[in-house]
Amino acid sequence: MTTRTTKTDQLHQKISDLLSRSSKPLILSHSRPDGDAIGSLIGLFLALQKKGKKPQMVIIDGVPRKFKFLYGSDQINRSIKDDFDLVITVDCADQKRVAYPTELPDIQLNIDHHITNELYAETNLVIPEQPATTAILAEYLPDWGFDVDKNSANALLMGMVTDTIGFRTSNVSPDFLRLAADLMEKGADLSSVYQEALTSQSLPASIVWGKALSRIKSEGNLAWTTITLEDRAAASYLGNDDADLTNHLSSLENIDIEVLFNEQKDGKVKVSWRSNAKHDVSKLAMQFNGGGHPPAAGAEIIGDLETVVPLVIGKTKFFMKGQI
Ligand SMILES: [Mn+2]
């Protein structure tokens, strides 16, 4: 997929050396992990473990319920359990978002696909053309000397399915589908991954959707809504995430940009933008110290909904007029 040059060959040799020299790698990803974060952690973890290494995975938020079906998900800890000799981040655009319990150690290897990646590690493999970080792992793990078995393939496929909302985002290429097909040949179960990670929805999540959708607003080609702490409490929804409502909003007809405001406990609002090919919302998210991809980006803003919503909607309108 990526054209091989001497430079990329050297980079892959370096990654291969880093991984083969390490006996206790620590793998980290971003807070509020999505399917690509969890799939990348587990896919890499299992491949390293198969080579006789003792890897560990840490995410302070733990594993979202819907990804717990994956083999290996119970190996993800909320705290450091053992010492380590290599620190790897996957699917993590910047160090601020690494879900780590204490002061972050130096990161040696950063594997990601966010165009906004800050290249914060000693070695950075960032491929923005890839729709999922797990696709980067699926493509290169064999080159680095690691086998992808059935369970690892299942985890990697989950990242590809979730980050592309079931292979339907505009960045899905024939090569990407071939990588997915390779993973199926290795034993990944597309049907169950699709059902478990993407389409199945808990009753509390449906109730949160109902509340948020009843408040949807639109102006021109912009639409937005909110999820409040009260919505989640009333629905007995346990997560602090958006219950995947943002992905649903992205299918709204005649809307170019959708914004979801998700109220958080700590006096912050998580903002998610989705856009069609007309706009690169990662640029907008960066204005709020966030990041992401051209069609899907986010930021976390200090403040309550009363202040954050008008501020962000105002800026988004300017952005749509090309004034930012
Ligand atoms: Mn991702």
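Predicted model: local features only at pLDDT ≥ 70, side-chain atom pairs only at ≥ 80, totals over all residues.
Two residues are in contact here if their C-beta atoms, placed from the backbone, lie within 7 Å.

**Stop 1: Leu156 and its surroundings**

Select Leu156. Leaving aside its neighbours within four places in sequence, you will find Leu156 in contact with Gly39, Gly43, Thr134, Leu137, Ala138, Val148 and Leu183. Now widen the selection to the largest nonpolar core, which has 55 residues. Leu156 is one of the members that touch the most others, along with Ile27, Leu41 and Leu157. Colour helix 2, residues 35-50, as well: with nine residues, helix 2 gives the most to this core.

**Stop 2: Ala153, on helix 4**

Next, pick Ala153, which you will find in helix 4 (residues 150-163). Is Ala153 buried or exposed? Ala153 counts as buried, because it has 26 C-beta neighbours inside 10 Å. Not counting residues up to four places away in sequence, Ala153 touches Val148, Leu183, Lys186, Gly187 and Ala188. For a sense of scale, draw a line from Ala153 to Ile257: their C-alpha atoms are separated by 34 Å, and the two residues are 104 apart along the chain.

**Stop 3: helix 3**

Select residues 133-140 to see helix 3. Six of its eight residues are buried, so helix 3 is largely enclosed by the rest of the structure. Those buried residues are Thr133, Thr134, Ala135, Ile136, Leu137 and Ala138.

**Stop 4**

Then select strand 1 (residues 25-28) and strand 4 (residues 86-90), which run parallel and are joined by four bridges. Across this pair, Ile27 stands opposite Ile88 in strand 4. You have met Ile27 already, among the residues that touch the most other members of the largest nonpolar core.

**Stop 4: two domains**

Colour residues 6-198 as domain 1 and residues 203-320 as domain 2. The centres of the two domains, taken over C-alpha atoms, are 26 Å apart. Where the domains meet, domain 1 brings 10 residues to the contact and domain 2 brings 12. The side of domain 1 that touches domain 2 has four nonpolar, four polar and two charged residues. Also select Trp209, Trp224, Val269 and Val309, which are among the 27 residues of another core, lying apart from the largest one.

**Last stop: the whole protein**

Zoom out to take in 11 helices and 12 strands. The C-alpha atoms fill a box of roughly 55 × 40 × 40 Å, taken along the principal axes. With 324 residues, a compact globule would have a radius of gyration near 20 Å, and the 19 Å of this protein agrees. Buried residues make up 43% of the 324 residues. Finally, look at how the chain folds back on itself: among contacts between residues at least 6 apart in sequence, 65% join residues at least 24 apart.

Terms used:
Residues numbered from 1 in each chain as written. Domains from an automatic or database assignment. Nonpolar A, V, L, I, M, F, W, Y, C, P; charged D, E, K, R; others polar. Core = buried A, V, L, I, M, F, W, Y, C linked by C-beta atoms within 7 Å. Buried ≥ 20, exposed ≤ 12 C-beta atoms within 10 Å, placed from the backbone. Helix = DSSP H or I, 4+ residues; strand = E, 2+ residues; numbered from the N terminus. Rg over C-alpha atoms; globule rule 2.2 N^0.38 Å. Pairing = 2+ DSSP bridges.
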